[in-house]
Structures are given as structure tokens and as C-alpha cells.
Amino acid sequence: MTSSTEAPTAQTTLLETIRRFVDTELLHHHVERRFLTRPFRESRAHLDGLRAKARALGIWAPFLPVEHGGLGLSLIEYAHVSAVLGRSPIGHYVLNCQAPDAGNMELLLQHGTPEQQARWLAPLARGEIRSCFSMTEPDLPGSNPVWMNTTAVADGNDYVIDGHKWFTSSADGAAFAIVMAVTNPEAPMPHERASLIIVPLGTPGFTLERNIQIMGDEGDDYASHGEVRYSGVRVPRANRIGAEGAGFRLAQERLGPGRIHHCMRWIGICERAFHLMCERAASRQLAPGTLLGSKQTVQNWIAESRAEIDAATLLVLDAARKIEAHGTQGAREAISTIKFYVANVLQQVLDRALQVHGALGMTDDTPLAYWYRHERGARIYDGPDEVHKAMVARRILKRYGADVGG
Ligand SMILES: Cc1cc2nc3c(=O)[nH]c(=O)nc-3n(C[C@H](O)[C@H](O)[C@H](O)COP(=O)(O)OP(=O)(O)OC[C@H]3O[C@@H](n4cnc5c(N)ncnc54)[C@H](O)[C@@H]3O)c2cc1C
């Protein structure tokens, strides 16, 4: 890494501790192989043990404030941690800073009532339960989230929720969902019609219909994406997070820092893929005495990947600085830029690393194929590439006096 992508000196000891933990405990061949080739539930007992070790080492929930059992890191400090954890497919889970729980914890921290925090945030922060975020619907475009069929109708002190959602990631085994539902259909502004409501998943009327197959991989437990139905689900109105109609504003707030988390996790994946690519190029012989790395195409891939990963890292750290200085709203352009840029760097680097490994790259003997399958979604979730590019371009054109909408 170049010096300007390095973490602040004050963080060096913590990062070294986390790096050593990842290297010795998580990149261990047997641990990674079981995660890659067996159902998640088979790894859970072992992962619980690793979580206990992480807690004992003092590296638990790095993004959470100290009073909630975390390390109280700033967004930039946490960004560096996220890149170190991203080198393992289970890094974030083991330190209890995995999506979607991390975003849900931040939401409850900032907007939850004391009762909601005691009932839902505290056990999440301790890693005793999991949660999910239920917004996208199969029948309507997720890229236009204000267009939504799911409703929450007030009835006395309750809401009655009806709707059909999918890609409710990690719903399988979660204790509760944060559901986006229309509560104020008459509000003049479309983005003021929906609210975020906590639904315990044991509530009658909730059904997990299936874990959706992702490129052939159905997954289970935390490592899954659920299609779910809410049929007359009744929950207290006290389960609403924030004001009625504030759902989109809160979701946007949740997604701002969340994109830094995702992007730095992707940088971590890139670093691991880059390392595997270089190791292979430096050891695989195409003929006696002829290394794969002697081929110019492979050299180009190594040089281009290094440049792209460093550029991506600098962009993400810059976006994190802008969020810290100006808030999510003030950093919107930077956030959209990193979302599409880093997702594409990730895809390129993974593709090159996989190609360099030949047939081995297609197997689950390395994590490359797992990431290739599951991180293709990086260009789609939290807003597809095209939506973010359009947003950036429209803002730039506005500075040239052209208002082209949006
Ligand atoms: C792995 C994964 C995990 C996810 N996890 C969650 C989760 O936990 N909770 C949740 O609620 N949702 C989740 N999602 C859903 C995700 O947020 C949506 O898939 C995303 O918002 C896009 O919506 P859509 O799939 O309906 O695509 P659509 O909105 O139908 O868009 C399809 C395509 O149309 C194009 N397009 C769309 N809009 C424009 C535009 N304005 N200009 C040009 N082209 C455009 C893009 O190429 C886009 O990919 C997840 C998705 C994936 C893949």
C-alpha cells in the first residue's frame, strides 16, 4: 500500500492485533474450507468460539460506541479495520460487524427508543441474536424504492403489515426484521410515505418462503437471502423507528456509512485476491523454468490491479472523510462514486485472479469462486451502478448549468 492509504499511527496496534487474528484464526485452511463448502450452520459452533476469542482480545464490534460494548472507532478508523477483515469471507461476522446487522445497529443506536435499544440493540451488540432489513419487493423495482406495495395500516395501538419482500438477507434464523412499509399513502412527497417498523420474526403472519438460490448456492442461516411474506402481521406502533413517514430518510442515512463499510470490505477482498494472484503467478510453472508471472498479460493484470486497488482505497477514505466532515447528505456524490467504482474494481480483480488460477479458480479450494458468485451482486445491491452513475453525472452537469432531472 502507498503511505496515504495507510491507517493513522494511533491505530497501528489495534490493526496489527486484528490482522494477526484474521491470519491465524480465520484464514486457517480448515476453517475457510468448511465455510466455503458446507452449510453455514455446520460452522456456527466454531464461529461462536471465534467470536468469544475476538471479544476476549478486545476487538469486538469495532464500529459500536464503547458504552454499547464496541471499540468506538470513527468511520475512517473502522474503514481500515473493515479492509483487514474483508480478506476473510467470515471476518466481519466473527467481529460482529456484518451486514445487515451493523447497519441495523447503527439505525437503532441513532433513532431507536430506549425500549427498542434495550430489547433489540443490546442483544445484537452482544452477538446473541441476528436481524435483517426487509425493503426490496419482487414485483417492483428496488432501484425506485419509493414505489412500494407493502403497507402498514394503523389499527388502535398496532400496525397491521401486508407485503411480499425478497432479498431480505439473513432472514433465516434472524430474531427480527426492520421492514419498510407504506404508512402514509396520502403524503404529497413519495419519499415521505413509508416507515421503518421492527417485526419479530416469530409474529403470526410472517413466513420465510425460501432462501433464494444465488448462482446455484441456496445458502442458509446468516449466509442466505430470504423471500418473505407479511400477511396481516400485527405489531405495536411502538415498534416504529423514528417518525411516521421518515423511513426513506432513515434508510438513506443507514446506507451512507454502510457504503463505506461495504467498499472497504470489497477492498479487503481485492487485497486477498491480489495476493492469491501474485502467489500463483510467482509459483506456477507453465514449462520447466517458465513462471506464469513471466507472461506480460499476467504482469499487466498485476500492475493494473495494484493501481486500481490503491485508487479505490484512496477514493473510499476520501468519501469517509467527507461523511465525517459534512454528513451523509453532504457527501452524496462521493458516496455514489465509490459505490459503482469500487464494485467494478472488485469484479475486475476477482476475474483476473480467478483466470490466473485456471481450473483451480473455478473450485472452492480458494475463496475466489465464492466471492465471484456472491459479490457479483455488489454492482446491484445498495443501488445498481447505473443509478449511482446517473446521480453523479446529473450533479456534475448541474454545475455546468444543465438541469437534466433527478
Ligand atoms: C446479494 C444481494 C443482497 C441484497 N440484500 C438486500 C437486503 O438485505 N434487503 C433488501 O431490502 N434488499 C436487498 N437486496 C436488493 C437490492 O437492494 C436490489 O436488488 C436493488 O435495489 C435493485 O433493485 P431490483 O433488483 O429490483 O432491480 P431493478 O430496480 O428492477 O433494476 C434492474 C436493473 O435496471 C437498471 N436500472 C435501474 N434503474 C435504472 C436507472 N435509473 N437508470 C438506468 N438503469 C437503471 C440497472 O441495470 C438495474 O440493475 C439485495 C440484493 C442482492 C443482489
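Select helix 4 (residues 75-85) and helix 9 (residues 296-330), which pack at an angle of about 150° with axes 9 Å apart. Axes are lines fitted to C-alpha atoms over the stretch in contact, and angles run from 0 to 180 degrees between N-to-C directions. Helices (H or I, at least four residues) and strands (E, at least two) are DSSP runs, numbered from the N terminus.

This is a predicted model: local features need pLDDT of at least 70, side-chain atom pairs count only at pLDDT 80 or more, and totals for chains, interfaces and linings use all residues. Residues are numbered from 1 along each chain as its sequence is written.

Helix 4 and helix 9 are therefore roughly antiparallel (angles over 145 degrees; under 35 is roughly parallel, 65 to 115 roughly perpendicular, the rest oblique). Show L75, I76 and A79 of helix 4 against V316, L317, A320, R321, I323 and E324 of helix 9; contact means C-beta atoms, placed from the backbone, within 7 Å.

Next, select helix 6 (residues 101-111) and helix 8 (residues 247-283), at about 135° with axes 10 Å apart. The contact uses A102, G103, E106, L107 and H111 of helix 6 and L250, R254, P257, G258 and H261 of helix 8.

Finally, select the ligand. Its surroundings number 19 residues, the closest being M135, P141, G142, S143 and G377 (C-beta, placed from the backbone, within 6 Å). Strand 1 (131-134), strand 3 (158-169) and helix 13 (385-399) each supply at least two residues of the shell. The ligand lies between domain 2 (131-241) and domain 3 (248-399), because both give residues to the shell; the bounds come from an automatic or database domain assignment.

Definitions and conventions:
Two residues are in contact if their C-beta atoms, placed from the backbone, lie within 7 Å.
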